[in-house]
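Dear colleague,

Please find below the structure for your review.

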Amino acid sequence: LDGADQARFDRLRYVELKHGRIAQLAMLGHIVTSNGVRLPGYLSTSSDLLFSDVKPGLAAFSQIPPAGSFQILLFIGWLEAVVMKDVEGTGEFPGDFRNGFID
């Protein structure tokens, strides 16, 4: 990062920590579903699709109805914009995302 100021460095560190945590959650989700742990009930009642019928990993995207994929993207966007944000001046250390919303 030649010529980058401290603010740029801090932003990159923030983004790296946040995305690293998201990747860890994604990996945990893959491990759990690959071992057969599924939610009970229907993923889509209109498509008659049970959670237990969905393949684990990236193969699931071929089975999820388009409206379901859109809902997932909206939910992730909401998490990114509302829940998983850093509130200036409240973090005790880099990567401290406690913002009073879920703690």
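From the N terminus on, the elements run α-β-β-α, that is, 2 helices and 2 strands in total. Helices (H or I, at least four residues) and strands (E, at least two) are DSSP runs, numbered from the N terminus. Please note that this is a predicted model, in which local features need pLDDT of at least 70 and side-chain atom pairs count only at pLDDT 80 or more, whereas totals for chains, interfaces and linings use all residues. Residues are numbered from 1 along each chain as its sequence is written, and side-chain values use heavy atoms, with hydrogens and water left out.

Overall figures

The protein has 103 residues, of which 14% are buried; buried means under 20% relative accessible area, exposed over 50%, and partly exposed in between (1.4 Å probe, protein chains only). Its accessible surface comes to about 7,900 Å², with 63% belonging to carbon and sulfur atoms; areas come from the Shrake-Rupley method with a 1.4 Å probe, and for residues only the protein chains shown count as cover. Among contacts in the protein with a separation of 6 or more, 27% join residues 24 or more positions apart, where contact means heavy atoms within 4.5 Å.

The largest pocket

The largest pocket holds about 1,200 Å³ of space. Of the 31 residues that line this pocket, Gly29, Thr33, Phe61, Ile64 and Ile72 are the closest to its centre. The elements giving two or more residues to the lining are α1 (6-34), β1 (42-44) and α2, and the largest share, 8 residues, comes from α2. By type, the lining divides into 21 nonpolar, 7 polar and 3 charged residues (Ala, Val, Leu, Ile, Met, Phe, Trp, Tyr, Cys and Pro count as nonpolar, Asp, Glu, Lys and Arg as charged, and the others, Gly among them, as polar). As to method, a pocket is an open set of points on a 1 Å grid over the protein atoms alone, where a 1.4 Å probe fits, with protein on both sides within 12 Å along at least five of seven lines; lining residues have an atom within 4 Å of a point. Points are joined across faces, edges and corners, and the volume is the space filled by probe spheres set on them.

The aromatic pair

A search of the whole structure finds 1 aromatic pair. Phe75 and Trp78 form this pair, which is stacked, at 6.1 Å centre to centre with 25° between the planes (rings of Phe, Tyr and Trp, its six-membered ring, pair if their centres lie within 6.5 Å; planes under 30 degrees apart count as stacked, over 60 as edge-to-face and the rest as tilted). Phe75 and Trp78 are 3 residues apart in helix α2 (residues 66-83), so about one helical turn separates them. Phe75 is partly exposed at 48% relative accessible area, and Trp78 is partly exposed at 41%.

The strands and their loop

Asp48 lies in the loop between β1 and β2. Although not a glycine, Asp48 has a positive phi of about 50°; it counts as exposed, at 53% relative accessibility. Leu50, in strand β2 (residues 49-50), is partly exposed at 28%. Leaving aside neighbours within four places in sequence, Leu50 is in contact with Gly41, Tyr42 and Leu43. The C-alpha atoms of Leu50 and Pro40, 10 residues apart along the chain, are separated by 7.8 Å.

Yours sincerely
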